[in-house]
Amino acid sequence: MDARIEPFDTTGVVRDDAGIKHFTELPGSLVEMLRASVDEAPDRDAVVELDGPRATYHELWDGAARVAGGLREAGVRSGDRVAIRHGNTLSWVLAFFGTHLAGGVAVPVNTRFTDPEIDYVVTDSGAKVVLLPDDPLPDGSPYAVEGAGLNDLGAIFYTSGTTGFPKGAMTTHDNFLTNIENVIRIRKPRDGDPMRNLVSVPLFHVTGCNSQLLPTLSDCGTTVVMPAFDVQRFLRAIVEENVSVVTTVPAIFWYALTQSNIGDFDLSRVELATYGGAPIAPSLVGEIKRTFGRARVGNGFGLTETSSVSTFLPHEYADTHADSVGFAVPTVDLDVVDPDSSGVGELLIRGANVVAGYWNKPEATASTFVDGWLHTGDLARVSPEGFTYIVDRAKDMINRGGENVYCVEVENVLAAAPDVFEVAVIGVPDDMMGEKVGAVLVPTPGSSLDVGAVMSFARERLADFKVPQFVSVHTEPLPRNPGGKILKRPLRESTTWQLAGR
């Protein structure tokens, strides 16, 4: 008997000649998707900037069309890249869709990047226009290019690379729309009403944009965007805006649910409370279920390279399989290569949601996307029932509350700091964030290491979430294998940490 569980609706899913799963019916582009929602619900709130402006679907379309007109006047033509440096605001959404209506390709920029990181993204993408948060959005005669196709490039989302240089994931309209349909099918709202979705994570991340904003707009729902995270405002917003869907990282759920006044908030309207981006403790799953009352919970896993969601653990398995990231979503195939005796190997993902490759990086594309399969660099096992378990990361990476921090990037910066002889960066377990960044430093022989100066050096060169929160100064050389590679396991097991200071 086949033990595999199939928890999601796969109606209309077919394989192409290469074996890749697709939905047979999708809108022709993101613009076509938005146009359909505008036609269906023109006067319904589409986007609410918390404590700021609101836009109905009609107003969203008109505002984006004016941005498109301004971009066209600035010379943007089909395929030109537009870098968006706005934070979580209505302006970000207008800029994103305005770029599409102008025929351009959106390049969301991480607002926490340092100036050198931003310069790299802008230069590498070849952005024709950079939209700055302190400048007004382009404004011109309404314009709309509605002829984009599914295979056309829609956006480039930059994700940090293990070499320290960000890689731009080329996301097509097909990638976007496939992810949207996957998200809608795994959510299964109880009463069928349009979603009212609170976005507390950045829109420049695929979680905020691809799995929250866009599916909600496709559903003719309302996206409530937090410009900056404040836990009390987060809780009030759920009540005041009648939020029905809350999706965020475990750290935010932990922070919110441990507030002393959590009982003052009526969270009973929430129908779906999902989490992802970092490991979650089973006890926190239970607390989410208890506090939100009638909400279904679920755990999602995905990558920038998969346009967001790849697997999802539905509510009915949340307690008994809390350590699993769930089942492959409707268009996804999973494989595990070179498994060990316990079934653990590198996780491969295939599906129409997998991006077209990395912008301007043919070698990285060729090594990561092989015969239609994305080599994730994550170590995983998949049970006979289909439960997926991420057991480790083959990449040298720290997951800090959903933000990926690649150790080699931080090590490269710290190694250049004054009086640092050796450095190893590793994850330090943390109840709230999952992991925080720790640095083991060995001073240059004969020197007196100033940790504060080293951290100041790092803050000038790294985004704030990449700067170590913990430090340990060792006087002995770091342990290495015969090939000279630093052995991090003994460091994880033996290091005593001190706060690095901010």
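Contact between two elements here means heavy atoms within 4.5 Å. The structure described below is a predicted model.

**The four-stranded sheet and helix α11**

Helix α11, which spans residues 407–415, lies across strands β24 and β25, and its direction makes an angle of about 140 degrees with β24. Both strands belong to an open sheet of four strands in the order β24-β25-β26-β27, with mixed pairing.

Four bridges join β22 to strand β23 (residues 403–406), and the two run antiparallel. Ile398 stands opposite Val405 of β23. Two residues separate β22 from β23 in this hairpin, and Gly401 in the turn has a positive phi of about 60 degrees.

Most residues other than glycine have a negative phi. Asp371 lies in the loop between β19 (369–370) and β20 (373–382), whereas Asp419 lies in the loop between α11 and β24. Asp371 is exposed, while Asp419 counts as partly exposed.

**The nine-stranded sheet**

A further open sheet has nine strands in the order β4-β3-β11-β10-β12-β13-β14-β15-β16, again with mixed pairing. Its edge strands are β4 (54–56) and β16 (327–328), each of which pairs on one side only. Helix α5 (residues 173–187) packs on this sheet and touches β10, β12 (245–248), β13 (272–276), β14 (296–303) and β15 (308–313); its direction makes about 20 degrees with that of β15. Helix α8 (residues 250–257) lies across β12 and β13 and runs at about 125 degrees to β13.

Strand β3 (residues 45–49) pairs with β11 in the parallel sense over three bridges, and with β4 in the antiparallel sense, also over three bridges. Val47 takes part in both pairings: its bridge partner in β11 is Thr223, and it stands opposite Ala55 in β4. On the other pairing of β11, four bridges join it to the parallel strand β10 (residues 196–199), where Val199 has Val225 of β11 as its bridge partner.

In a regular strand the side chains alternate between the two faces of the sheet. Strand β11 (residues 222–225) has Thr222 and Val224 pointing one way and Thr223 and Val225 the other way, and all are buried.

The largest nonpolar core contains 48 residues, of which Val47, Phe96, Phe97, Leu214 and Leu217 touch the most other members. Leaving aside neighbours within four places in sequence, Leu217 is in contact with Met33, Ser37, Ala46, Val47, Tyr57, Leu60 and Phe97. Apart from this core lies another, of 34 residues, among them Ala237, Ile262, Val270 and Val297.

Two packed helices are described by the angle between their axes and the distance between the axes. For helix α1 (residues 30–40) and helix α3 (residues 90–101), the axes come within 9 Å and cross at roughly 115 degrees. The crossing of α1 past α3 is left-handed. Leu30, Val31, Met33 and Leu34 of α1 make this contact with Phe96, Phe97, His100 and Leu101 of α3. By class, the contact residues comprise seven nonpolar, one polar and no charged.

**Val121 in helix α4**

Val121 is found in helix α4 (residues 115–125). A residue counts as buried under 20% relative accessible area; Val121, at 1%, is therefore buried. Not counting residues up to four places away in sequence, Val121 touches Val107, Val109, Phe113 and Tyr158. Val121 and Gly168 are 47 residues apart in sequence, and their C-alpha atoms are 8.1 Å apart in space.

How values were computed. Residues are numbered from 1 along each chain as its sequence is written. This is a predicted model: local features need pLDDT of at least 70, side-chain atom pairs count only at pLDDT 80 or more; totals for chains, interfaces and linings use all residues. Side-chain values use heavy atoms; hydrogens and water are left out. Axes are lines fitted to C-alpha atoms, for helices over the stretch in contact, and angles run from 0 to 180 degrees between N-to-C directions. A crossing is left-handed if the near helix is turned anticlockwise from the far one by less than a right angle, and right-handed if clockwise. Ala, Val, Leu, Ile, Met, Phe, Trp, Tyr, Cys and Pro count as nonpolar, Asp, Glu, Lys and Arg as charged, and the others, Gly among them, as polar. Two strands pair if DSSP finds at least two bridges between them. A nonpolar core is a set of buried Ala, Val, Leu, Ile, Met, Phe, Trp, Tyr and Cys residues joined through side-chain atoms within 4.5 Å. Buried means under 20% relative accessible area, exposed over 50%, partly exposed in between (1.4 Å probe, protein chains only).
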